[in-house]
Amino acid sequence: MDLSGNLEKQTPMMQQYLRIKADHPATLLFYRMGDFYELFHQDAEKAARLLGITLTQRGASNGVPIKMAGVPFHSADQYLARLVKMGESVAICEQIGDPATSKGPVERKVVRVVTPGTLTDADLLPEKSERPLLAVCVTSQRRQTSVGLAWLSMASGRLRTMEFSGDDKTITARLRQELERIVPAEVLASDALGFSLPVTKLTAVPDWHFDLPAGERAVKAQLGVASLAGFDAASLSVALGAAGALLRYAESTQGRGLQHVRSLAVEVENEFIGMDAATRRNLELTDSLRAPDAGGQDTTLFALLDHCRSAMGSRMLRHWLHHAPTNAAIARLRHAAINALMGCQACDALNATLSQVPDIERITTRIALLSARPRDLSGLRDGLGQLNALQAQLLHAASSLPDGLLSQLAQAIATPDDCLALLASAIAPEPAAMVRDGGVIAAGYDADLDELRSLSQNAGQFLLDLETRERARTGIANLRVEYNKVHGFYIEVTNGQADKVPDDYRRRQTLKNAERYITPELKAFEDKALSAQERALAREKFLYDELLQKLAPHIPRLQEVAQGIAQVDTLNALAVHALANDWCAPHLVDEPCITIEQGRHPVVEKSIERFIANDCQLGPDRRLLLITGPNMGGKSTFMRQVALITLLAYVGSFVPANSATIGPVDRIYTRIGAADDLAGGRSTFMVEMTESAAILNGATERSLVLMDEVGRGTSTFDGLALAWAIARHLIETTKSFTLFATHYFELTQLPQAWPSAANVHLSAIEHKDSIVFLHAVQPGPASQSYGLQVAQLAGVPGQVIRAARRHLAQLEAQSVGSTTQFDLFASVPDLDAMDAECPAPAAAPQDTVLGEALDAIDPDSMSPREALEALYRLKRLAAGDDSVTNDKNRA
């Protein structure tokens, strides 16, 4: 409903609202009115539906009923959090004028816009993860498409960019991969973009916002530099266009400049181990494939390792798990730091100190955006006070590695003394939650404030003295001098003593049993005291805003401290876990290999009583392991643990194994599990083949590939043929390190043709009709899959199991040759040629005699003894015993 066409017919307040709403047509507008944020018309209907708040209707404007819904301003954050979680954006419109001096509607303006990608408030942000804002810029020239990405974590101030080129198909796949890695909360794209993006929240902005020269100028202005060469960004163009659009949008939502965005990082291809969304999901790095268990236990790798004492450390750990560097030197520095922490037993002391450090990173951002609250600053003051102790503990741990990572971090977290001194002198020991409540600025910081506070605080003594004097003057023993916020100061006299009230008392309020009065002396004090209180609050507000400005020069140093503390916390968390769970330091080498002795799955070993450790050996001459064995035998667990150990080694963590030697790795791929994509119109098999195609097209000799039961989603022959061809391609062409689990036993013949493939199996023991899984990886192929036994364990009804056994016996009886399954890949002779060259073979005499003997038997008329004799006779016939034939002829 468009009501802006006839503004002159609207009420003055509605005119103001519609003008502001016109600037934010696609955004919910929280319009401040007194103690509420009100929404009108379509916004009110939408908010009522999304938030479950009451929709009302009051009056009309231009003949149209005004629909309203509102939320209290003091609890607005909880409603904002819910809206942002739903992907909505909200413009916050505040009163900036003085109601006492306004002749019409109080002046209002939008002070900030809350969007999913620009959150900074602690109440709106997830504590242990980032919510980045990302911009995409695309240019095409001579059949070559270039894509620039820029993304900003508003809560930390980290700005990153990257740029890549290629044909349309390559660009689409790469763009999807990067979006899956970065996981932006909101994506900015040109309204002229010619293709869709796989994101939850897409915000279209004008195409001219992505102007490349303007973007470069905007980035230089933001960083305060004349050249971007120092950031390795001088050669970028499209990425700077994206960065320019991103900075413009971010500034518009905050209503001010971004003081905390002071650096730029340029990411390059293959800087981190590549993993697509399926791999991150299958390895359960930070998101579980299943809902938490009954006890609410999170079964992800992140949850297992997150012993961090600060939210900064938890976010750093999450980032490391998704961004394992391919540069082994970085991982080795982290290994050495963890080893030093474990060796000097500094973990507990560090944990105790880190527990007292607040989220300095996000507090610094709120300081830069002038939205920090008093308790943010008191927490920052107390946290900075812990840095000397933290630095001393680090230097002790780093004594054996004077040039190592711990020594570098010890320097990074040196106490910013000037900043700490400012906060210690300015902020009260225990400040109020909000500046408007007073009691935020410390005593002694400002003489004028101290004087105003003295007037207010001495009121109590004045009132006691006045009460004593008035009781003596009037003879009213129960006379009281008191104060409340509604009527101010007053003298209360009960009705029984009213005849003793002096003439200079002026009635202020009548109660049922008493009268309240004011005197000229009390009125003069009231004016002075209340004025002092109001002036003290105004002075305190001024001093607080001034303090935020004084803290601005310290922002870069505070960001450096926050980054250092986050790394210390993450390294210490990894050291704590390694120490408690007997993890070892991996050995990263330049030669291609993955050699793991007694490796364990880091998450599974914590959830069962006894975990069976297994070895894995891959190298130049052993690149593919064909893994067979029963369902539930541990094939998927074994494959995942190899991938997780490899990833953890490059993250810089110790690993769950007795030893691990790992060569260069550029990507990790997984094709595990089965799930359809109904929304995308893809069947289970189509999803499987799409993931397989991505692996075959993208894997290299340095990639680790996990393939689990490829081909099971279609017919047996089709699936087997595809699995065989995919395995051969991985061996011959891709040559990546591959763990290939299958139930197609025909594939176990691959090592005969390709020596770089090897068979291993997960062992199990069959006992009567049940099965015992040993979970041990042993050389050679498995003998069978034990599918019926697993089905029985799953609770399949007994009659179904028995019917399956009978049908299995029939199928095995019909199989060709002595092997359990027919060799589908054996050479098939030319049957037509054989028919032409060779006469049909005559039946052997022995077969004829055996057939005649079988025809002569009538099982229904035989006694048990006769049946047994007949069985022995048939056995001798089959063995070629002529005496049986002669006996039969004589008979």
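Me: Which residues touch the most other members in the largest nonpolar core?

Reply: This is a predicted model. Its largest nonpolar core has 113 residues, and Leu377 and Ile565 are the ones that touch the most other members.

Me: What is leucine 377 in contact with, leaving aside its neighbours within four places in sequence?

Reply: Leucine 377 is in contact with Ile367, Ala372, Leu423 and Ile427, and also with Tyr544, Leu547, Leu548 and Leu551. Apart from this core lies another one, of 29 residues, which includes Ala135, Val238, Leu258 and Leu369.

Me: Turning to helix H12, how many of its residues are buried?

Reply: Nine of the nine residues in helix H12 (residues 360-368) are buried, so the helix is largely enclosed by the rest of the structure.

Me: Now the surface. Which residues make the nonpolar patch of about 230 Å²?

Reply: Ile765, Val772 and Leu774 make that patch.

Me: Where does valine 772 lie? Why can it be called partly exposed?

Reply: Valine 772 lies in strand E26 (residues 770-779). Valine 772 counts as partly exposed because its relative accessible area is 42%, and that category runs between 20% and 50%.

How values were computed. Residues numbered from 1 in each chain as written. Predicted model: local features only at pLDDT ≥ 70, side-chain atom pairs only at ≥ 80, totals over all residues. Heavy atoms only, no water. Patch = residues over 30% accessible without salt bridge, like charges linked within 9 Å, V, L, I, M, F, W, Y side chains within 5 Å. Areas by Shrake-Rupley, 256 points an atom, 1.4 Å probe, with all protein chains shown as cover. Salt bridge = Lys/Arg side-chain N within 4 Å of Asp/Glu carboxyl O. Helix = DSSP H or I, 4+ residues; strand = E, 2+ residues; numbered from the N terminus. Buried < 20%, exposed > 50% of the residue type's maximum accessible area, 1.4 Å probe, protein only. Core = buried A, V, L, I, M, F, W, Y, C linked by side-chain atoms within 4.5 Å. Contact = heavy atoms within 4.5 Å.
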